[in-house]
Amino acid sequence: RKKAGTHNATKGVLVMDKKNQIKYINEQRDKKYDRIELIVPKGVKEKIQERAAELGLYNKRKQPNISNYIMQLIEKDLGE
């Protein structure tokens with residue numbers, strides 16, 4: 001019987017593969033997208049999330065997708 005916290009070589013390999021996978025995903029994201037930080041007063045984020053939910057904009061984790069909502073507003077303003 002193993003003690004809790006004992007190192008497992010197989011798990012170590014899986015952890016490395018997961019780290020490499022995350023690194024690859026981040027590199028691909030950085031090639032395709034620019035990042036913009038948006039700072040809003042307290043409480044505004046929740047209002048934005050509520051509006052995104054009203055419009056049916058959700059991410060893969062079934063949470064309101066603020067980025068898609070903001071992109072729709074920007075595209076509308078830019079006429080795209």
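A residue is called buried under 20% relative accessible area, exposed over 50%, and partly exposed in between (1.4 Å probe, protein chains only). The structure on display is a predicted model, in which local features need pLDDT of at least 70, side-chain atom pairs count only at pLDDT 80 or more, and totals for chains, interfaces and linings use all residues. Residues are numbered from 1 along each chain as its sequence is written, and side-chain values use heavy atoms, with hydrogens and water left out.

Begin by colouring the protein by pLDDT, the predictor's confidence in each residue, from 0 to 100. The average is 85, and 80% of the residues score at least 70. Select helix α1 (residues 9-32), which has the lowest mean pLDDT among the elements, 80, and then helix α2 (residues 44-54), which has the highest, 95. Helices (H or I, at least four residues) are DSSP runs, numbered from the N terminus.

Next, select K62, in the loop between α2 and α3 (66-78). Its phi is positive, about 65°, although K62 is not a glycine. Most residues other than glycine have a negative phi. K62 is exposed, with a relative accessible area of 68%.

Finally, turn to the largest pocket, with a volume of about 880 Å³. Of the 15 residues that line this pocket, select I36, L38, I66, S67 and I70, the closest to its centre. A pocket here is an open set of points on a 1 Å grid over the protein atoms alone, where a 1.4 Å probe fits, with protein on both sides within 12 Å along at least five of seven lines; lining residues have an atom within 4 Å of a point. Helix α3 gives the largest share of the lining, five residues.

Key. Helices (H or I, at least four residues) and strands (E, at least two) are DSSP runs, numbered from the N terminus. Grid points are joined across faces, edges and corners, and a volume is the space filled by probe spheres set on the points.
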